[in-house]
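User: I am new to this structure and would like to know how its labels are reached. Please set each value against its cut-off.

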Amino acid sequence: MKLRPQSRQRTATDPGQPPSLGARVPVVQRIGAIVVGLVILVFGLLGFANQLAFFSTEGEDVLGLSSNGLLSTISVVTAVVLFVAAARGPRIASNVMIVVGALFLLSALLNLAVLRTSFNILAFEFPNVVFSVVAGLLLLVLGAYGRFSANLPPDSPYARPGTGEEEIDLTSDLPSTPEEVAAEKAMRDAEVAVVQHVATNDQRRRVAAMAQVHSRAERRRVWMSFDEAGRELR
């Protein structure tokens with residue numbers, strides 16, 4: 001008897017049903033990349049509009065954050081990268097968001113260490129550090145959304161091929177005939193006898209042979225092979 005795992009999958013095409021996790025994943029990741037990219041793009045473009053000094057370590061206020069020409073350029077480039085990734089597909093968007101999110105967190109740590117020094121080439125202030133941490137964590141969460149899980153739905157773009165499709169035989173090791181049932185009982189009796197040091201020579205040989213295999217069905221076949229060999233000798 002073979003059992004197939006059954007699960008009802010909700011899809012966006014089912015009337016009156018919300019999209020499944022697998023159907024939401026591409027949408028969330030692509031829209032997330034676009035929304036975060038838009039925020040960063042606006043910040044960068046406003047920096048250009050204010051004609052900020054490119055390498056100034058004392059930036060000017062842009063949307064409550066400090067910025068200079070270099071930071072504005074990096075912001076625009078980052079936004080374009082996110083837009084391109086979203087256009088290419090959810091898997092690429094996910095990979096890019098995870099990488100960019102990690103870079104944001106790294107930037108926050110590095111720039112926190114050089115605040116108010118001559119090495120502060122991006123003109124960071126503490127609000128910039130906070131923004132980098134928040135943006136980095138958001139990108140990491142969006143990039144990892146619906147991707148890293150032990151039970152991905154079959155319609156997820158990250159599900160392995162064949163997930164949920166294989167038939168699982170849960171009873172293949174169980175005895176299915178009267179002969180196999182009798183063999184199972186004899187096997188148990190022999191193993192108990194060996195442990196109690198009262199086994200016959202035949203029982204010891206059989207138990208030793210069964211110890212060379214691992215599955216229940218294989219052990220049963222080994223035991224029954226002795227019965228077949230005995231019948232052939234008669």
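Analyst: A residue is buried under 20% relative accessible area, exposed over 50%, and partly exposed in between. The model is predicted.

User: What makes Phe54 partly exposed?

Analyst: Phe54 has a relative accessible area of 38%.

User: Why is Phe55 called exposed?

Analyst: The relative accessibility of Phe55 is 58%. The cut-off for exposed is over 50%, so Phe55 counts as exposed.

User: Why is the pair of Phe54 and Phe55 called edge-to-face?

Analyst: In general, two aromatic rings are described by the distance of their centres and the angle of their planes. The ring centres of Phe54 and Phe55 are 4.9 Å apart, and a pair needs centres within 6.5 Å. Their planes stand at 75 degrees, and over 60 counts as edge-to-face. The pair is therefore edge-to-face. The structure holds one aromatic pair.

User: How do you know that Arg206 lies over the face of Trp223?

Analyst: Arg206 is at 4.4 Å from the ring centre of Trp223. The distance cut-off is within 6 Å, and the charge must also be within 35 degrees of the ring normal. Arg206 is listed as lying over the face of that ring.

User: Why does Asn128 count as buried?

Analyst: Asn128 has 3% relative accessibility. Buried means under 20%, so Asn128 counts as buried. Asn128 is found in helix H4. Leaving aside neighbours within four places in sequence, Asn128 is in contact with Leu65, Ser66 and Leu71. The C-alpha atoms of Asn128 and Leu112 are separated by 9.1 Å, with the two residues 16 apart along the chain. Over the chain of 234 residues, 33% count as buried.

User: What is known about the volume and lining of the largest pocket?

Analyst: The largest pocket has a volume of about 360 Å³. Its lining has 17 residues, and those closest to the centre are Leu71, Ile74, Thr78, Phe104 and Ser107. Helices H1 (21-49), H2 (69-88), H3 (90-113) and H4 (126-144) each give two or more residues to this lining. H2 gives the most, with five residues.

User: How do the lining residues of the largest pocket divide into nonpolar, polar and charged?

Analyst: Twelve are nonpolar, five are polar and none is charged.

User: How many helices and strands are in the chain?

Analyst: The chain has seven helices and two strands. From the N terminus, the elements run α-β-β-α-α-α-α-α-α.

Note on methods
Residues are numbered from 1 along each chain as its sequence is written. This is a predicted model: local features need pLDDT of at least 70, side-chain atom pairs count only at pLDDT 80 or more; totals for chains, interfaces and linings use all residues. Side-chain values use heavy atoms; hydrogens and water are left out. On a 1 Å grid over the protein atoms alone, a cavity is a set of points where a 1.4 Å probe fits but cannot get out, and a pocket is an open set with protein on both sides within 12 Å along at least five of seven lines; lining residues have an atom within 4 Å of a point. Grid points are joined across faces, edges and corners, and a volume is the space filled by probe spheres set on the points. Helices (H or I, at least four residues) and strands (E, at least two) are DSSP runs, numbered from the N terminus. Ala, Val, Leu, Ile, Met, Phe, Trp, Tyr, Cys and Pro count as nonpolar, Asp, Glu, Lys and Arg as charged, and the others, Gly among them, as polar. Rings of Phe, Tyr and Trp (its six-membered ring) pair if their centres lie within 6.5 Å; planes under 30 degrees apart count as stacked, over 60 as edge-to-face and the rest as tilted. Buried means under 20% relative accessible area, exposed over 50%, partly exposed in between (1.4 Å probe, protein chains only). Contact means heavy atoms within 4.5 Å.
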